[in-house]
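Hello,

Here is the structure I promised to pass on to you. Please open it alongside this note, and the findings follow below.

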2 protein chains.
Amino acid sequence: MKIAILGSGNVATHLGKALIKAGHPVMQVWSRNHNHAIDLALEIGANSIPEIKNIKAHIDVVIVAVTDDAIAKVASQIPEQENRLILHTSGSTNLEVLSSRFENVGVLYPLQTFSKNSDLDFSLIPLCLEANNDWAMQQLECLAKQLSNQVQRVNSDARAMLHVAAVFACNFTNFFYCIAQQLTDAVQLDFSLLHPLIQETTDKAMLNNPVDVQTGPARRDDKQTMQKHSDLLKNQLQLQALYQSISQYIVKMYHPNGLREINS
Amino acid sequence: MKIAILGSGNVATHLGKALIKAGHPVMQVWSRNHNHAIDLALEIGANSIPEIKNIKAHIDVVIVAVTDDAIAKVASQIPEQENRLILHTSGSTNLEVLSSRFENVGVLYPLQTFSKNSDLDFSLIPLCLEANNDWAMQQLECLAKQLSNQVQRVNSDARAMLHVAAVFACNFTNFFYCIAQQLTDAVQLDFSLLHPLIQETTDKAMLNNPVDVQTGPARRDDKQTMQKHSDLLKNQLQLQALYQSISQYIVKMYHPNGLREINS
């Protein structure tokens, strides 16, 4: 399949490289910032195009890998073409944004956090697929299975919820790592002291159901320790409120009938 | 050094096994629940004792590995003995709880989350040490370095803050994994779909400063996606409030001057 990629961000870049590696010719790259298109095109041996209407007639698959709010506008400029598959890569965007416009459309959502400088083994990334007809799904599955060993059909509603779950499991946990580092910095300790704990926490949550391996003062409803921790954060009121609030959620989850006061 | 362990929980068990493995004879084990003492003593080839006053005169080190609120009471029953080192293993308990009572005291705080069924390589666990005099520190360091390759002096104040950091990095992140699983369960998707994302998030946070690798809608102040996510959680008001609150913290961290409203 001859492919064009619209976008030059992290998903476009990682996906472009994975497609090339799997032997699919990515022929054309467009980006809102043409210099970025040139860079990515160079990196994967494609041609950069200044305008979306420059997509050639022989392109079989157009992948729209731009920010969620730009998908509709970018897609609207893709030239109509028989037997062409139009895909987006967004977790939280409904397939309808494409299906209202084109005959054969789909979603290829890679469930992973991408950074420019982090090399990922694409074959291990779960790819969540959706399409608006059997032919489109067949094409999409064929493509996806050459990229990853973890390919799964997920409809728009489930994918949207999966995206929220990913925010909790990835973005929100990283935010807590940020706070942990603030706290170790504050007492001149190296954040790396926490690395073995972080790794073990992750390992345990993946080997078990996380709900079965929760530990800590809130899990035990250990009011004395929670109070001590609250007191330690007395000069950082926002952090103190956050500590108390998350602790209360956990206490409530495991001790639904107990008293739940943490005095500040 | 001849050692007695008071306590039979996760820390006592893992520490007891590690001590035996390092060639230190753990001679006596006491626990509030004598059957637990018998079990642990059997497991590590020690003798169980029904009362703390049964600690023999030749015991060089007594490790108090009980819940935080029981440390003072348990320690008060340890027989006085010259050149005996008394240790506790708690992150959030001041050394003073022991130093007010005994001549040579210290803290051996293993910075890790312990579970009964999880086998850990103790040599990789950071051990945070504190003692009330040079002799005690010398004894403690000698012991600790035979257990772990990561040994560090950390005073009571820093250790208390480190314990709060550990709660964020371990307990609170696991709570978010619990929520992520609730959300994937709700749309009949397997939580393991998120495993590669969880592992990559952890890897990135340990290879970098977490604050430099934050991603997601809140990091971008992507109001449209945050609103979509909020809407998806409209039937779970507590979860919706949590989503909005954590998102606002992140938006504020990265966009301190921007508007921060997320309408529910």
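Let me begin with the domains of chain A: the C-alpha centres of domain 1 and domain 2 of chain A lie 36 Å apart. Domain 1 covers 3-154 and domain 2 covers 160-254, with bounds that come from an automatic or database domain assignment. Six residues from domain 1 of chain A and five residues from domain 2 of chain A make the contact between them; two residues are in contact if their C-beta atoms, placed from the backbone, lie within 7 Å. On the domain 1 side of chain A, the residues that touch domain 2 are three nonpolar, three polar and no charged. Here Ala, Val, Leu, Ile, Met, Phe, Trp, Tyr, Cys and Pro count as nonpolar, Asp, Glu, Lys and Arg as charged, and the others, Gly among them, as polar.

Before going further, please note that this is a predicted model, in which local features need pLDDT of at least 70 and side-chain atom pairs count only at pLDDT 80 or more, while totals for chains, interfaces and linings use all residues. Residues are numbered from 1 along each chain as its sequence is written, and chains are lettered from A and ligands numbered from 1 in the order in which they are written.

Now to how the two chains meet. The contact takes 75 residues from chain A and 75 residues from chain B. On chain A, α6 (156-186), α7 (195-207), α8 (217-220), α9 (223-232) and α10 (237-254) each supply at least two residues of the side that touches chain B. Helices (H or I, at least four residues) and strands (E, at least two) are DSSP runs, numbered from the N terminus. The most comes from α6(A), with 26 residues. By class, that side of chain A has 46 nonpolar, 22 polar and seven charged residues. Of the interface residues of chain A, 100% are also interface residues in chain B, so the copies meet through the same surface.

How are the copies related?

In α9 (residues 223-232) of chain B, the residues B:Thr225, B:Met226, B:His229 and B:Leu232 are buried; a residue is buried if 20 or more other C-beta atoms lie within 10 Å of its own, exposed if 12 or fewer, and partly exposed in between, with C-beta atoms placed from the backbone. Down the axis of α9(B), these buried residues fall within an arc of 120 degrees, so they line one face of the helix. The arc is that of the directions from the helix axis to the C-beta atoms. An α-helix has 3.6 residues a turn, so residues three or four places apart point the same way. The cover over the buried residues of α9(B) includes α6 of chain A, together with α8 (217-220) and α10 (237-254) of chain B.

Next, the sheet of chain A. Eight strands form an open sheet with mixed pairing, in the order β3-β2-β1-β4-β5-β6-β7-β8; two strands pair if DSSP finds at least two bridges between them. At the edges stand β3 (47-48) and β8 (151-153) of chain A, each with a single partner strand, so one side of each is left without a neighbour in the sheet. Strand β1 (residues 3-6) of chain A runs parallel to strand β2 (residues 26-30) of chain A, and four bridges join them. A:Ile5 has A:Val29 as its bridge partner in β2(A).

- A:Ala18 lies in helix α1 (residues 10-21) of chain A and is buried, with 22 other C-beta atoms within 10 Å. Leaving aside neighbours within four places in sequence, A:Ala18 is in contact with A:Phe122 and A:Leu147.
- A:Asn83 sits in the loop between α3 (71-75) and β5 (85-88) of chain A. Its phi is positive, about 55 degrees, although A:Asn83 is not a glycine.
- A:Gln188, in the loop between α6 and α7 of chain A, counts as exposed with 8 C-beta neighbours inside 10 Å.

Best wishes
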